[in-house]
Amino acid sequence: MLGLEDLEFVHTELTHAPVMPFLAQFRDIHETSRAAALDRVKVLAARVPAETPTA
């Protein structure tokens with residue numbers, strides 16, 4: 001038990017499109033997916049309260 005209550009996975013599509021020549025036609029889709037994933041991570045990070053470690 002890790003104490004996780006609200007777990008959300010964030011992913012991006014076509015991660016190899018920027019480096020694989022045969023996927024070049026999908027680079028725009030990858031960039032759109034990547035931007036959306038980064039935006040979602042920012043929203044989720046803003047929801048996490050700042051915690052001060054107790055040592």
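Predicted model: local features only at pLDDT ≥ 70, side-chain atom pairs only at ≥ 80, totals over all residues.
Residues are numbered from 1 along each chain as its sequence is written, and side-chain values use heavy atoms, leaving out hydrogens and water.

The buried residues of α1 are H30, S33, A37 and L44. They line one face of the helix, because they fall within an arc of 70° seen down its axis (the arc is taken from the directions from the helix axis to the C-beta atoms). Helix α1 covers residues 27-47, 21 residues in total, and spans 31 Å from first C-alpha to last, close to the expected 30 Å at 1.5 Å a residue (the expected span is 1.5 Å times one less than the number of residues; helices are DSSP runs of H or I, at least four residues, numbered from the N terminus).

L44 turns up again in the lining of the largest pocket, along with G3, L4, E5, D6, L7, E8, R47 and V48. A pocket here is an open set of points on a 1 Å grid over the protein atoms alone, where a 1.4 Å probe fits, with protein on both sides within 12 Å along at least five of seven lines; lining residues have an atom within 4 Å of a point.

In the segment before α1 sits L14, with a positive phi near 55°.

Methods. Helix = DSSP H or I, 4+ residues; strand = E, 2+ residues; numbered from the N terminus. Buried < 20%, exposed > 50% of the residue type's maximum accessible area, 1.4 Å probe, protein only.
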